Amino acid sequence: MSAESLLSVRDLRVGFVTEGGRLQAVDGVSFELTPGEVLAIVGESGSGKSVTAQTLIGLTRSPNARIEGSVRLRGSELIEADDEALRKVRGAQIGMVFQDPMTSFNPVYRIGAQITEAIRAHRPQTSKSQGRERAIELLDSVGIPNAAQRIDDYPHEFSGGMRQRAMIAMALALEPDLLIADEPTTALDVTVQAQILALLARLNRERNLATILITHDLGVVAEVADRVLVMYGGRVVERGTLDEIFYDPQHPYTWGLLGSLTRMDRDRPERLPQISGAPPSLLDLPQGCSFRPRCPHEFGRCSQLPGLEARLADAPSHLDRCWLEPEEKRQRRLVEGEIGLEAPAP
Amino acid sequence: MGRFVVRRLFGTVFVLFAVSLLTFLIFNVVPNSDPAARMAGKNATPELIASINEEWGFNDSLPTQYVTMMKKIFTGDLISYEGREPVDERIVEGIPATISLCIGAAAIWMFFGILFGYLSAVRAGGWLDRTLTIVAVAGISMPVFWLAAILLNYLAYETGIFPSQGYTKLTENPLDWAYHLILPWVTLAILYLGFYSRVLRSSMLDVMNEDYVRTARAKGLSERRVMRKHVTRNSLIPIVTLFGLDFGALLGGAILIEKIFSLNGVGQYAEEALANFDLPPIMAITLYGAFFVVLFNSLVDIAYAYLDPRIRLGESAQ
């Protein structure tokens, strides 16, 4: 796999010094991405998924941040890269789309000018009129009607869905190999969400665009992802293909996420199951498994942190961080025929 | 834009009317403000006072007196009680000095205020930021009259580097004009400079956390371009507001500075008129000052619409 690897992340760790003390936002995240692959990173707020994504292109760099580990894009190291080398990667080789399209464009410049600016930052020889033509082409390709006129609109004249399309157009302006989409549909209406996902899926198919999709919405994951990384408290707790995660989830936290989805193929439950408790504070993570305080299956061994390992004989690429025996997990999560966090009957 | 201008014109007339009425009323209820008694002098006979009252129309009802005075202001026939000279001539004489003082000081404080604010924000938390913070807070804290006195003492009286007072017309001798104004410019600028740099610094630090700044970095812009194009322009909006209001108010007369450096501007005239309970110049200068405040308020709104395309002039906020 590493021969054709596009992006290789090894033991990425991001710590911040805050007023409340040192916190480890990302604690040893590793994954590989091949060209054209869609990887979903899933987790609650504070799980470290956005920090992971932003660290890939150095957006978390600051005097208060300690970043360790390795991020290699086609073999070249980005963690150690100087600002100028990193600048050349941003936008040109890795495009990024953010959560809130309302605030992600600068309100005082026209949409077209902001797209052209991205092109000219990497290709200074591009004239303004060439940049403009390219911007119209891009807006058109992401489905903005009347792109030649709309290019001179200000961001507030676009609807939320159109802005997110324009963000995607801007991220693709220089034909990067990798798109990082940080909760690209969270701030949008459900119907618009579906359109944006369809657009991302089409781009992935047509341009062989590798995508890292950050989300807390497993419905979104099921639509587009090839592989899934589940994060909790700054660590990866489970990693596998889409089918492995959805049909044979190994970590009780993943069970909880899946159990709290509404399903069309089942009767509507009285109450939607939920994971009790709140995500842990990164300033005060529990010893051992960080999901332990919220996990109904906790036992003695959980006070030691389990490694991220393949525990299933027939699925070497499916990794998880849970001490329970695989057979035990299968029995427990099927209590009452439902994937969930119900403790077994005594 | 047309609707905006018309609305603002109506607003201006209303504000000026209200300001003039208030000034007039306050003057007439302040004790010891009886103009006839003051004009007649210390050992005046009742007959003299009565004849002054008759001659100047002080026996008329207050509304009549107000209307007469307003008419005279707009026809340029206003005569001061003290010295009995035409008020409009004194104001017109004072305007060049006041405007020279304001423009020069504004150029200094805007240039250094923005420069210091920018450097502070870019190097937030570093030694440069800390040093500039101390400079800014010192500038804000020093009273104008104190700073002026210190500068005058060391740079004018003791060393003779700069003249201690007076104003030379720009048209007469530009070098002498600037030479006489350097100390007043610096004194006035220091007062505002610190404040402006603090406002810009905090505004820039806010903007730096905006999502669109992260977007600008993510698309591969250089740090310098991110700061200049995406942070600074958006951060200047509060500075523009402040500047419009401060500059408009200053054009009405920088009373303390003009007095200390004897610039003979509008502010100094205002100080004289106030000290002598001289209503005609007080009314005229107040209206003149209020006019600039209102004018610059409108200019600020126009500048806003230019800086932020989300704002459209002439549309009411719904």
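B:Ser33 is located in the loop that connects α1 (2-29) and α2 (35-40) of chain B, where helices (H or I, at least four residues) and strands (E, at least two) are DSSP runs numbered from the N terminus. The model is predicted, so local features need pLDDT of at least 70 and side-chain atom pairs count only at pLDDT 80 or more, while totals for chains, interfaces and linings use all residues. Residues are numbered from 1 along each chain as its sequence is written, and chains are lettered from A and ligands numbered from 1 in the order in which they are written. Chain A has 11 helices and 12 strands, whereas chain B has 13 helices and 0 strands.

**Surroundings of B:Ser33**

- B:Ser33 counts as partly exposed because it has 14 C-beta neighbours inside 10 Å. A residue is buried if 20 or more other C-beta atoms lie within 10 Å of its own, exposed if 12 or fewer, and partly exposed in between, with C-beta atoms placed from the backbone.
- Not counting residues up to four places away in sequence, B:Ser33 touches B:Phe27, B:Asn28 and B:Phe277. Two residues are in contact if their C-beta atoms, placed from the backbone, lie within 7 Å.
- B:Leu151 is 118 residues from B:Ser33 along the chain, and their C-alpha atoms are separated by 36 Å.

**Chain B as a whole**

- The sequence pattern of chain B is α-α-α-α-α-α-α-α-α-α-α-α-α.
- The C-alpha trace of chain B spans about 85 × 60 × 35 Å along its principal axes.
- Of the 318 residues in chain B, 32% are buried.
- Among the contacts in chain B with a separation of 6 or more, 71% are between residues 24 or more positions apart.

**Chain A as a whole**

- Along the principal axes, the C-alpha atoms of chain A fill a box of roughly 70 × 45 × 45 Å.
- Buried residues account for 44% of the 346 residues of chain A.
- In chain A, 63% of the contacts with a separation of 6 or more join residues 24 or more positions apart.

**The sheet of chain A**

- Chain A contains an open sheet of 8 strands in the order β6-β7-β8-β3-β9-β10-β12-β11, with mixed pairing. Two strands pair if DSSP finds at least two bridges between them.
- The edge strands of chain A are β6 (94-97) and β11 (309-310), each of which pairs on one side only.
- β6(A) runs parallel to β7 (residues 178-182) of chain A, and 4 bridges join them. A:Ile94 stands opposite A:Leu178, and A:Val97 stands opposite A:Ala181.
- Both faces of β6(A) are covered, with A:Ile94 and A:Met96 buried on one side and A:Gly95 and A:Val97 buried on the other.
- β3(A) is joined to the parallel strand β8 (residues 210-215) of chain A by 5 bridges, with A:Ile41 opposite A:Ile214.
- β3(A) is also joined to β9(A) by 4 bridges, again in parallel, and A:Ala40 stands opposite A:Val228.
- In β3(A), 5 of its 5 residues are buried. A:Val38, A:Ala40 and A:Val42 lie on one side, and A:Leu39 and A:Ile41 on the other.
- Helix α10 (residues 252-259) of chain A lies across β3 (38-42), β9 (227-232) and β10 (235-241) of chain A, at about 105° to β9(A). Axes are lines fitted to C-alpha atoms, for helices over the stretch in contact, and angles run from 0 to 180 degrees between N-to-C directions.

**Nonpolar cores**

- The largest nonpolar core has 130 residues, of which A:Ala40, A:Val42, A:Leu139, A:Ala169, A:Val230 and B:Leu101 touch the most other members. Such a core is a set of buried Ala, Val, Leu, Ile, Met, Phe, Trp, Tyr and Cys residues joined through C-beta atoms within 7 Å.
- Helix α8 (residues 174-208) of chain B gives the most to this core, with 14 residues.
- Another core, of 13 residues, lies apart from it and includes B:Val87, B:Ala273, B:Met283 and B:Tyr288.

**Contact between the chains**

- Chain A contributes 23 residues to the contact and chain B contributes 19.
- On the side of chain A that touches chain B, α2 (83-89) and α3 (111-122) of chain A each supply at least two residues.
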